[in-house]
Amino acid sequence: MDLATALRIAVTQTKADTEELRRQGMGNPPNHPPRDLVISEFMSILSMKSHGSDKVSALEVPPHYLPCTRPAEELEPLMVSRMRLEDHHRTYQVLVHVLTPPLRSSMLKFIVEDEEGTAVKLQLHHQLKDNKEINGSILSPGHVCIVKDPYFSLSATGYVLQVYHVSDMIRLQDTDSRIPLKWRKEVDGSSGDIRLRGNAAVHKKNWAEAENLYTNAIWAAKTPNEKELACLNRSLANLRLDRPVKALDDALSGHPSEDIPGLTAQSEKALFRMAKAFYSLGWFKPCLERLLAVVRLNPDIADAHDEIRRVNQRLREEENGAYDFANMYKQAEATPPLIDCATYVGPVAVRDSPGQGKGLFTTRPVKAGELLLCEKAFAYVYAGKDVPHDQISTTIMVNRDADILCEGGQANLTAEAVQKLYHEHAGSKAFTHLYHGDYIPDTASVALSEVDGAPVVDSYVDPFLIPPFLNIPIPGITISTKPSGQLTSLRRRFLATQIISLNCFAAPRTSLEPNASPVCGGCNNDSGDARDGTCGVWLLASRINHACVANCWRSFIGDMLLVRSGADLDAGAELLFRYRQPAAHETLAETRAGLASWGFACHCALCTDREKTPPERVARRKALHARFGRFLEPTPERPFSTPSVFATEVWLARLLRDLEKTYEDSADAAAVPRVELCQLCFELAKMRLARDDSVGALERLVQALETLGFVITARPPRLGPDEEDEGKERLEIRRWGHVNALTVEVFLRMFNAYQTLAPELCEVIRGYARTAYSIVVGEAETIGRRFPVFA
């Protein structure tokens with residue numbers, strides 16, 4: 001029996017058990033297992049997990065419910081024994097005591113007890129999995145927490161307190177007066193002693209425990225300076241826990257309250273921690289200001305000078321888009337490929353897009369190949385095939401109501417995004433304003449409120465009520481900024497995951513990865529491997545709307561997404577790229593079916609042309625294209641000098657003419673690219689070059705570009721219809737068309753032909769090839785790896 005089948009059976013049995021209890025009118029469980037038995041069974045599972053026996057975890061998706069928006073002090077206490085199954089117990093809270101270490105899978109699991117001693121499993125969703133840097137947990141044995149509006153359910157392994165909204169659980173500090181005396185731990189020692197224990201936890205890289213100890217040290221402080229030192233230490237722990245806002249607050253609190261010469265070292269440390277927090281938030285100018293202040297206090301701090309150089313590079317990237325791509329690729333070799341670079345926002349801005357919500361528009365005229373955006377991911381999860389075996393884990397999402405299972409990287413991406421929202425990272429507000437379908441919170445305050453000192457985060461959406469192909473992220477596809485009224489099945493679902501479902505991109509490690517494409521790797525506008533679970537959310541790139549005829553390309557280097565103009569664009573032009581790879585010679589019905597899950601109909605020039613094209617003509621195109629597809633199937637190397645090859649060329653030329661006849665009543669290729677014809681022209685050009693017919697090859701290569709919508713003047717082999725014969729060689733792209741991976745190959749063959757016919761045009765070709773390569777891959781510095789003549 002495979003895992004998916006086993007999970008389905010377990011979920012079905014759980015549902016049956018729950019329904020039987022309901023049928024008997026027993027919303028309350030008849031009894032709870034003994035405390036020691038619950039702990040023993042859990043520890044056995046934990047022991048098996050620690051030995052690596054479980055690399056797959058299930059994540060159950062509940063019916064939607066809203067997070068609690070009331071402070072804990074307004075909620076009534078409730079014991080586990082009085083809880084009803086599948087109830088959210090609104091207006092109640094339960095105080096629980098942690099009894100076991102956590103079991104980490106797609107969530108954090110513990111055994112806890114309430115004040116009556118009833119033991120039950122506690123499951124915390126949307127918690128980041130530990131890595132070698134962040135050991136420990138937000139909860140450990142002996143900790144006490146409050147669960148607000150506790151959702152009590154029956155899982156395949158017993159009764160469970162579920163916390164799907166991170167803001168519904170409050171971990172109480174050891175000094176909190178709400179902790180019952182029987183659970184209370186005395187805070188032993190002075191503030192300085194506790195800080196030393198925190199330092200020991202830091203030495204072990206147990207950042208969560210260190211943060212807890214430093215918090216106790218703050219409480220135990222007897223003098224302002226003791227409190228400042230504890231805050232300063234906690235700032236480091238929060239930096240390591242990826243909580244830069246809290247780290248910044250602590251660093252500000254840790255700065256000496258008086259300008260005393262003996263506290264210069266403390267001032268340096270406080271300023272340095274502020275700088276680190278600003279850096280994590282992507283606020284590089286205030287970061288530089290703090291570092292310069294450190295150097296003024298102590299010019300001999302080498303680390304500060306190193307950081308100043310690093311921040312100055314970030315500022316160059318942020319202000320001018322001046323990236324060191326070689327260094328970025330070097331960083332991308334690490335796993336996960338997180339790139340230390342700033343976001344560059346070029347001549348683009350978010351504006352209203354008529355009928356499409358928001359869109360991304362140019363703010364000035366731009367040239368083809370110009371870098372418009374290089375954006376750091378707001379949230380990113382790497383799950384490539386090269387992840388070390390001992391780090392591989394799979395999350396299977398289980399919908400209890402629909403009996404559906406699926407797997408993918410989206411669950412882990414949601415956890416990262418939710419944690420950033422909860423800890424108020426830079427970009428949190430922009431994230432909540434991304435397109436979220438028909439999400440309508442039951443209370444207007446859910447998305448914006450703060451309760452018990454932390455943001456209220458509406459975390460979850462049922463991923464099985466969104467387009468099914470989005471459960472596994474699809475390279476080159478995003479859904480964003482669509483008008484209201486579509487995807488109505490998403491109404492009143494959990495906010496954070498809904499935004500991710502509608503706005504995430506899948507990505508390769510880099511767009512240079514080997515793939516079927518002769519130039520670039522797997523994640524351009526419309527190609528890639530949907531089985532790759534790597535995905536992320538890029539806030540500005542998610543604003544780009546769809547068109548079948550795109551005018552920009554996106555590419556990736558680790559968690560950096562690059563967008564380049566695919567053509568010369570006027571100021572105020574809306575950026576558009578394809579959300580899906582269309583099949584060859586699609587009908588309008590097929591295109592609309594492919595886009596249906598996004599909830600909109602495309603009205604671009606290509607779709608307008610499809611609407612006017614009779615079905616029988618499309619069928620004719622498909623039949624002819626299928627014959628060409630059989631020609632491209634792998635065969636032994638063809639000797640181009642033989643008569644049979646010449647006959648093949650004649651056959652291909654006739655096939656091309658027959659295909660062109662099916663476009664006689666269609667719009668011009670400059671307006672509606674005929675992408676499917678490009679490779680046929682390219683194959684004919686290669687045959688001409690093989691028999692030293694450079695002029696004939698150039699004719700076919702120019703024709704290949706024209707099928708992509710290029711308007712080009714080329715002499716030889718010819719001039720455009722409105723050009724006068726000037727009697728000299730000339731090559732000029734007057735209008736860029738659809739750029740794809742084959743475009744650079746076309747320019748390479750043109751370069752080879754012009755080396756004989758017009759060497760002076762080779763440099764022009766080199767420039768065009770580098771532009772096309774940068775559009776597809778994201779940069780032109782690596783073009784020499786594949787095309788040495790263009791380096």
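Predicted model: local features only at pLDDT ≥ 70, side-chain atom pairs only at ≥ 80, totals over all residues.
Biologist: What makes the pair lysine 420 and glutamate 416 a salt bridge?

Modeller: The closest N and O atoms of lysine 420 and glutamate 416 are 3.8 Å apart. The cut-off for a lysine nitrogen and a glutamate carboxyl oxygen is within 4 Å, so the pair qualifies as a salt bridge. Both residues lie in helix H11 (residues 410-422), 4 residues apart, which is about one turn of the helix. Lysine 420 and glutamate 416 are both buried.

Biologist: How do you know that glutamate 649 and arginine 688 form a salt bridge, and where do they lie?

Modeller: The N to O distance between the side chains of glutamate 649 and arginine 688 is 2.5 Å. That value falls within 4 Å, and therefore the term salt bridge applies. This pair links distant parts of the chain, with glutamate 649 in helix H17 (residues 643-661) and arginine 688 in helix H18 (residues 678-690), 39 residues apart. Both glutamate 649 and arginine 688 are buried.

Biologist: Which other residue forms a salt bridge with arginine 688?

Modeller: Aspartate 693 does, with the closest N and O atoms 3.3 Å apart.

Biologist: Why is aspartate 693 called partly exposed?

Modeller: The relative accessible area of aspartate 693 is 23%. Buried would require under 20% and exposed over 50%, so a value of 23% is classed as partly exposed.

Biologist: How many salt bridges does the structure hold?

Modeller: The structure holds 29 salt bridges.

Biologist: Which backbone nitrogens does the side chain of glutamate 375 reach?

Modeller: The side chain of glutamate 375 reaches the backbone nitrogen of leucine 539 at 2.8 Å, and that of leucine 540 at 2.8 Å. Leaving aside neighbours within four places in sequence, the residues in contact with glutamate 375 include Thr343, Trp538 and Asp559.

Biologist: Why is asparagine 740 called buried?

Modeller: Asparagine 740 has a relative accessible area of 14%. Asparagine 740 lies in the loop between strand S27 (730-735) and helix H20 (741-757). A polar atom of the side chain of asparagine 740 lies 3.0 Å from the backbone nitrogen of leucine 742. Leaving aside neighbours within four places in sequence, asparagine 740 is in contact with Trp553, Val675, Leu708 and Val776.

Biologist: What makes strands S15 and S21 a pair?

Modeller: S15 is joined to strand S21 (residues 535-537) by 3 bridges, and the two run antiparallel. Pairing needs at least two bridges, so S15 and S21 count as paired. In S21, glycine 536 is the bridge partner of tyrosine 380. The open sheet of 3 strands has the order S15-S21-S20, with antiparallel pairing.

Biologist: Why do strands S15 and S20 stand at the edges?

Modeller: Strand S15 (379-381) and strand S20 (505-506) each have a single partner strand, so one side of each is left without a neighbour in the sheet.

Methods
Residues numbered from 1 in each chain as written. Heavy atoms only, no water. Buried < 20%, exposed > 50% of the residue type's maximum accessible area, 1.4 Å probe, protein only. Polar contact = N/O pair within 3.5 Å; in protein donor to acceptor, adjacent residues only side chain to side chain. Contact = heavy atoms within 4.5 Å.
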